[in-house]
Amino acid sequence: MEIDDFSKIKEGVKGAYSAVATEPDGKHPFPVGRLFALSLGYPEELLDDVPSLAVESFTGVSNVSVFAGIKEGDRVCDVGCGVGLDAFIAARRAGANGKVTGVDFSAQMIEKAQRAKAQGGSKNTDFIVAEAEKIPLSDNSASVVLANGIFNLNPVRDVIFKEILRILKPGGMVFGAELVLTTAPVDPLTCSLNNWFA
């Protein structure tokens with residue numbers, strides 16, 4: 001199936017990622033879970049210290065919450081938080097006086113993140129179903145924004161960047177990681193859902 005509009009891309013991406021929340025051991029078009037997190041540099045002891053539900057359905061492109069400059073008391077927004085692995089790590093780093101809000105467009109991901117929180121996640125975390133293009137936080141409210149592999153999956157990147165800048169406090173910081181093409185696709189005008197994640 002050729003993708004000829006943004007709504008089809010978004011629904012395809014949402015379906016693929018929602019399946020990770022409901023069937024973490026299923027077949028997915030991208031890596032998932034603990035072994036993948038370890039391969040990206042998440043320390044084993046850190047993975048042992050967060051809810052297992054957040055680890056088993058992890059997918060991203062790097063260990064953003066590990067290398068991000070998060071300080072005690074920071075207000076953090078994890079955009080495209082999935083099941084919350086980065087959010088839980090960020091919450092531990094921000095401490096009791098900090099706050100982490102995870103937003104994701106997949107209701108299944110957020111439902112599992114909330115179950116992970118109940119399993120033993122941080123009390124200073126909130127998870128909200130929301131589009132990255134419409135982050136439900138007020139202006140200048142986040143001192144740190146995390147983005148772990150969301151821009152390559154969303155064709156309206158300019159809108160997301162504007163939203164991140166809107167919620168970021170003056171002097172705040174954005175920490176992200178992304179997949180980048182090193183060669184042009186064979187046909188840059190169209191693609192299929194099968195190769196969107198490749």
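Guide: The answer that follows takes the sheet as its subject, then turns to the elements around it.

The model is predicted, so local features are described only at pLDDT of at least 70 and side-chain atom pairs only at pLDDT 80 or more, whereas totals for chains, interfaces and linings use all residues. Residues are numbered from 1 along each chain as its sequence is written, and side-chain values use heavy atoms, with hydrogens and water left out.

To place the sheet, the chain as a whole comes first. It contains nine helices and five strands, where helices (H or I, at least four residues) and strands (E, at least two) are DSSP runs numbered from the N terminus. Read from the N terminus, the order of elements is α-α-α-α-α-β-α-β-α-β-β-α-β-α. The chain has 198 residues, of which 48% count as buried; buried means under 20% relative accessible area, exposed over 50%, and partly exposed in between, with a 1.4 Å probe and protein chains only. Among contacts (heavy atoms within 4.5 Å) with a separation of 6 or more, 74% join residues 24 or more positions apart.

The sheet itself is open and consists of five strands in the order 3-2-1-4-5, with parallel pairing. Its edges are strand 3 (125-129) and strand 5; each has a single partner strand, so one side of each is left without a neighbour in the sheet. From one strand to the next, the twist averages 20°. In general terms, strands of a sheet pair through backbone hydrogen bonds, either parallel or antiparallel. Here two strands are taken as paired if DSSP finds at least two bridges between them.

The pairings can be followed from strand 1 (residues 75-79), which is mostly covered, with four of its five residues buried. Strand 1 runs parallel to strand 2 (residues 99-104), and five bridges join the two. Within this pair, R75 stands opposite K99 of strand 2. Strand 2 is in turn paired with strand 3, again in the parallel sense and over five bridges; here D104 has V129 of strand 3 as its bridge partner.

T101 lies in strand 2 and, at 8% relative accessibility, counts as buried. Leaving aside residues up to four places away in sequence, T101 touches V76, C77, D78, D126, I128 and L137.

With residues up to four places away in sequence not counted, M173 touches S143, V144, V145 and L168. For V144, the C-alpha atom is separated from that of M173 by 5.0 Å, although the two residues are 29 residues apart along the chain.

Angles are taken between N-to-C directions, from 0 to 180 degrees, with axes as lines fitted to C-alpha atoms, for helices over the stretch in contact. Eight of the ten residues of helix 6 are buried, so this helix is largely enclosed by the rest of the structure. Its buried residues are L85, D86, A87, F88, I89, A90, A91 and A94. G95 follows helix 6 and has a positive phi, near 75°. Helix 8 (residues 157-167), for its part, lies across strand 1, strand 4 and strand 5 and runs at about 140° to strand 5.

Helix 1 (residues 6-22) and helix 7 (residues 107-120) have their axes 7 Å apart and pack at an angle of about 25°. Helix 1 and helix 7 are therefore roughly parallel to each other, the term for angles under 35 degrees, as against roughly antiparallel over 145, roughly perpendicular from 65 to 115 and oblique for the rest. In this packing, helix 1 contributes Y17, S18, V20, A21 and T22, and helix 7 contributes Q108, M109 and K112.

Lastly, a loop residue: G41 sits between helix 2 (34-39) and helix 3 (44-48) and, at 38% relative accessibility, counts as partly exposed. From C-alpha to C-alpha, G41 and N63 are 6.1 Å apart in space and 22 residues apart in sequence.
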